[in-house]
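Please look through the structure below.

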Amino acid sequence: MVRGKQASEADIPFSASEVWDVYADTHQLAQIFKTVPGSLEDIIIQGDGGLGTLIILVIKPGNAFRQFTETLVTLNNEDRVKEVDVSEGGFLDVGYTFYRTRFEILEKGPNMATVKKSILYEIKDEFAANESLATVEENPDQVKAVENFLRNRSTAGLIRGEQIISVDIPFSASQVWDVYANTHQLAEIFKNVPGTALEDIQIVGDGGLGTLIVLILKPGNAFRQFTETLVTLDNEKRVKEVDVSEGGFLTVGYTFFRTRFEILAKGPNMATVRKSILYNLQEGSTANLGLASVNENPDQVKAVENFLNGSSNGGPNPGFIN
């Protein structure tokens, strides 16, 4: 018997209790998960959403199986844990004797939670080749769908806004992404951009998901400090997202503030840095709408370009951390 376990974690910029309310509601969660692109064709719920509820997952043609049924076996509101076991078809038809999916909603702050999805399974030795069917890879996409649902639900009385600015840089997209993906290095470069409100940037973490970026502003600004949390780092699509998780914008009427960097290829030696911000602002705080800005992007890109020029010329690299 082969035993296995996999786990995936994804952050979501809402409180753990808000996220748990969605995951605990089996009927609602099914409707959200059905919107996620992938192999699912339909989800059918039989039951009231409590223990023993059946979740029938219909898979699109061309996959290893067309349908299987899960049974809800754990719904722990105190610990925010939900578990479902495959009880008919699917994995049980291709050598698995046990297949459990577990969701845990972990609190990271007043407006930040982590969704930890794990699977635990057993498969007969002679069917070991089918172990590759066990996966938690869809977790980030599912969490993103839940985030979109929560944001759309919570925007009553809010002004939603988005700003985008694109700047070209004469280096390949992969070279530019290597800089933007390195949070510690990028902080050192951005700290040296003249004319910005920044006084200092402090990084807490290893640069991966969940890393905290503490931005300290010069005196005279609307606020002196705020913290961002790294929530997306997609090396394939070259996308990086950070959400304000403490202080700053959240103290002047904003309920959500996300900054997104995308590095787009324009040619072998030309890329575009697209910076966007997405935010929700309480209607009573519209005077603070002007604080949301992407105007510093050209200066930031120029600083990255100077860094890359120094690197390609073999000269000193200001801000480089070994």
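**The cavity and its lining**

The largest cavity is lined by P13, N111, V244, L250, T255 and F256. A cavity here is a set of points, on a 1 Å grid over the protein atoms alone, where a 1.4 Å probe fits but cannot get out, and lining residues have an atom within 4 Å of a point. This is a predicted model, in which local features need pLDDT of at least 70 and side-chain atom pairs count only at pLDDT 80 or more, while totals for chains, interfaces and linings use all residues. Residues are numbered from 1 along each chain as its sequence is written, and side-chain values use heavy atoms, with hydrogens and water left out.

The structure holds one cavity of 30 Å³ or more. The space in the largest cavity is about 40 Å³.

Helix α1 (residues 16-24) packs with helix α3 (residues 139-153) at an angle of about 110°, and their axes are 11 Å apart. Helices are DSSP runs of H or I with at least four residues, strands are runs of E with at least two, and both are numbered from the N terminus. The two helices are therefore roughly perpendicular to each other, a term for angles of 65 to 115 degrees. From α1, the contact (heavy atoms within 4.5 Å) uses E18, V19, V22 and Y23, and from α3 it uses Q142, V143, V146, F149, L150 and R153.

Most residues other than glycine have a negative phi. R80, in the loop between β4 (67-76) and β5 (81-89), has a positive phi of about 60°. R238 has a positive phi of about 55° and is found in the loop between β11 (225-234) and β12 (239-247).

Conventions. Axes fitted to C-alpha atoms, helices over the stretch in contact; angles between N-to-C directions. Parallel < 35°, antiparallel > 145°, perpendicular 65-115°, else oblique. 1 Å grid on protein atoms, 1.4 Å probe; cavity = no way out; pocket = protein on both sides within 12 Å on 5 of 7 lines; lining within 4 Å. Points joined across faces, edges and corners; volume = space filled by probe spheres on them.
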